[in-house]
Amino acid sequence: MHFHRYEKIWLGFGIFSLVLFLSIVGVSAFGFNHHPTGGLDTIDPEKVEETPPFDQPGVKRLDENTYEVAIIAEAFGYSPNNIEVPVGKEIIFRVTSKDVTHSFSIINTNVNMMVVPGQISEKSYTFKKTGDFLILCNEYCGTGHHYMQAEIKVVE
Amino acid sequence: MKAMICKQDRKLAIYHILIAYLAFLIGTFLGLLQVFIRNDGLELPKWLDYYQVLTAHGVLLALVFTTYFIFAFFITGMSKTLGDFGPKARLVLWLGFLVTTIGTVIATFMIIIGEASVLYTFYAPLQANGWYYVGLALFIVGTWLSGFALVGHYVSWKKSNRKQLSPLFAFMTISTIILWKIACLGVVATVLFQFIPWAFGWVDTINVELSRSLFWYFGHPLVYFWLLPAYMAWYLVIPKLVGVEVFSDSLARLAFILFILFSIPVGFHHQLVDPGISSFWKFLQTSLTFMVIIPSLMTAFSLFGTFERSGRRKGGRGLFGWFFKLPWKDVRFTSIFIAMFFFIPGGAGGIINASFQLNELIHNTLWVVGHFHITVGTPVTMTFMGITFWLIPYLTGRKLTKTIQKLAFIQIITWSIGMVLMSTAQHILGLLGAPRRTAYSAYNNHPTAMEWFNGLISNHITMAIGGTILFFSAMLLIFIVIYSLFLLPKADSLGDRVEFPIAMSDNKDTPKFLENWWLWIGISFALIAIAYTIPLMDLIQHAPPGSKGFKMW
Ligand code: HEM
Ligand SMILES: [Cu+2]
């Protein structure tokens, strides 16, 4: 197979950039723990309200610097739908669904995750500034999908 | 290679084109409704739901239009390069057409009667009428039949041309069909074993995350099923139009093989923000995803190589002189050139989307809608438009008149303008957080949401203006299609006839192993096994109690 000399340079450059890109992404993920949303815990979607932490959804202080926020998504809203968390502290969001697949997306942050029935989605985030953030569902869930929203107040 | 293919094969191709453009007509009209609903310019009557419209838009354009057009192109090209289909292959092609069409009709009917507003991705546990899934399954089965007929035609050519490499068109067609068949295994598995038993009530629950994973195992190679036929035009039609031979036969074949290998074991990059899949497997598939950059760069190189070679041969000098020697006045060329041009930001956007953590920023926002309208919605679709301009007159034996060529220019230019407006607005709105797949909503006048309606370009109005221009362009295309089918003057002499432009490809130095399909299929399955076995086993073994079906509309 014949590769033109310029093509070798071009592909060499391409492959080099590829390796560079992937290393940056990989190091950032596995070295600095910048993973996209995950969560490997499962839950019975019909018993959400009886299963901790969703039996008492809302904000819970775990220690000085960490808070857990448990949220239940269902068509077409979140409970609780108005929460308050402190700025500058690590917030661990744990979200699950009682019915269909939704999303839990806090606009203008990196919190944007699918909420799949049977699974508990998890994302840790630290707010850098105070304010009222809009939470919405960006995975189609039915006729009222575009009304599905909540708010999160970030305070000092 | 004959100038004209036989009548029965032409008829097959024309029927495929008819259905493709019927779907295009309805689908683009629904697109027009969507842009106006989203900016509150239009309210649907009670009996019609936004998500019903959106389901039909996705199914009719992304599945029906593309698939039928692709088969029309394959049938014509295979008949041209390998000779007329035998009676058996032709029969199976008609059978495939029939089954695909029955599937399309069933699925569309279910959408129309409001029993399947689940979008074209039909995520569980939203539950449509079981017949919707049956329709989709038949659609796939039909394409398999047609695919087998094409493979059969190829095999019989191989038998009578032992030890010869197949013509490049046939090679690429077979690669695409192989890719499609391996890809469909995922969606067939989830539809047959999960959705249908569940939707008809034979089982109560469904494993949701597993169904999502099987869907996306199919969903990503699906986009390559759209793209590869467009690439075929880029590799084979473009050189002919600019008057040179194929840049490199072996590299073209290698690129297609790499596309088969690296477009399937990568579905998790659509599930980067899903729970239930560990970061390790997401990252592994992200890395495999990025490998398609290699054949993409090879394609870009040979295209520019082709342009430059042609331009220089025509006397273009200096670093960029060749550029001005390209046949810009030929709409068959310019349409595809613009299509390629759109693929530069389109491909770059794809790299962003697949970049692991970065995906959180844009997942399910309007950015994604902007992205696929400048990948499948323009590079692929406009390449198909560029093919249509000559394919229909070629099949109907008519002359391509000056007037129609002018109209074709207006059509592609308006499509480009409309698409730049619509997709730029969508990209920016997406970065501002505006969600996709939503009817109009101001989110109780939340200040963040209000921004999406007040920006200069980042505005739902810009999107609607773009969408309107696009719709105008689509209707012009429909006019051109009808005119080319029925009204263009008949070509009397052979010289008047529109040709099927296909470049010579010198395969003297092409290594034989490139056409060793079992080798590539084997490697492909090995990669799939590495990328999928463990995470899928996990999803099955650690499955939570399943989900009942929900009808939320
Ligand atoms: C007149 C031209 C078109 C217009 C105005 C248009 C408009 C739109 C809009 C506004 C959306 C997003 C709706 C939402 O997320 O709420 C959309 C979605 C979509 N469009 Fe188009 N579009 C056009 C042509 C096309 C073409 C040619 C294709 C592909 C061949 C295409 C494929 C899709 C797909 C796959 C979706 C996603 C559906 C979903 O989210 O389930 N569109 N279109
Ligand atoms: Cu929702």
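Here are legends for a few close-up views of this predicted model.

**View 1. Two histidines hold the iron atom of ligand 1.** Are the two histidines buried or exposed? Both His57(B) and His373(B) are buried.

View 2. For six octahedral donors, the ideal angles are 90 or 180 degrees.

**View 3. One histidine and two cysteines reach the copper ion (ligand 2).** The protein donors are ND1 of His102(A), SG of Cys137(A) and SG of Cys141(A), and they lie 2.1 to 2.3 Å from the copper. Along the chain, these donor residues follow the spacing H-x34-C-x3-C. His102(A) is in strand S6 (residues 102-106) of chain A, and Cys141(A) is in the loop between strand S9 (131-136) and strand S10 (149-155), so the pair ties together parts that are 39 residues apart in sequence. His102(A) and Cys141(A) are both buried.

**View 4. Residues 64-156 of chain A carry a domain label in UniProt.** An unreviewed entry there lists this stretch as "Cytochrome oxidase subunit II copper A binding". What is the chain made of here, helix or strand? Over residues 64-156 of chain A it's 57% strand and 0% helix, and the end C-alpha atoms are 14 Å apart.

Key. Residues are numbered from 1 along each chain as its sequence is written. Chains are lettered from A and ligands numbered from 1 in the order in which they are written. This is a predicted model: local features need pLDDT of at least 70, side-chain atom pairs count only at pLDDT 80 or more; totals for chains, interfaces and linings use all residues. Side-chain values use heavy atoms; hydrogens and water are left out. Donors are N, O and S atoms within 2.8 Å of the metal (3.2 Å for Na, K and Ca); water is not among the atoms, so sites may look incomplete. Buried means under 20% relative accessible area, exposed over 50%, partly exposed in between (1.4 Å probe, protein chains only). Helices (H or I, at least four residues) and strands (E, at least two) are DSSP runs, numbered from the N terminus. UniProt positions are given in the numbering used here, feature names are shortened, and annotations may be inferred rather than shown by experiment.
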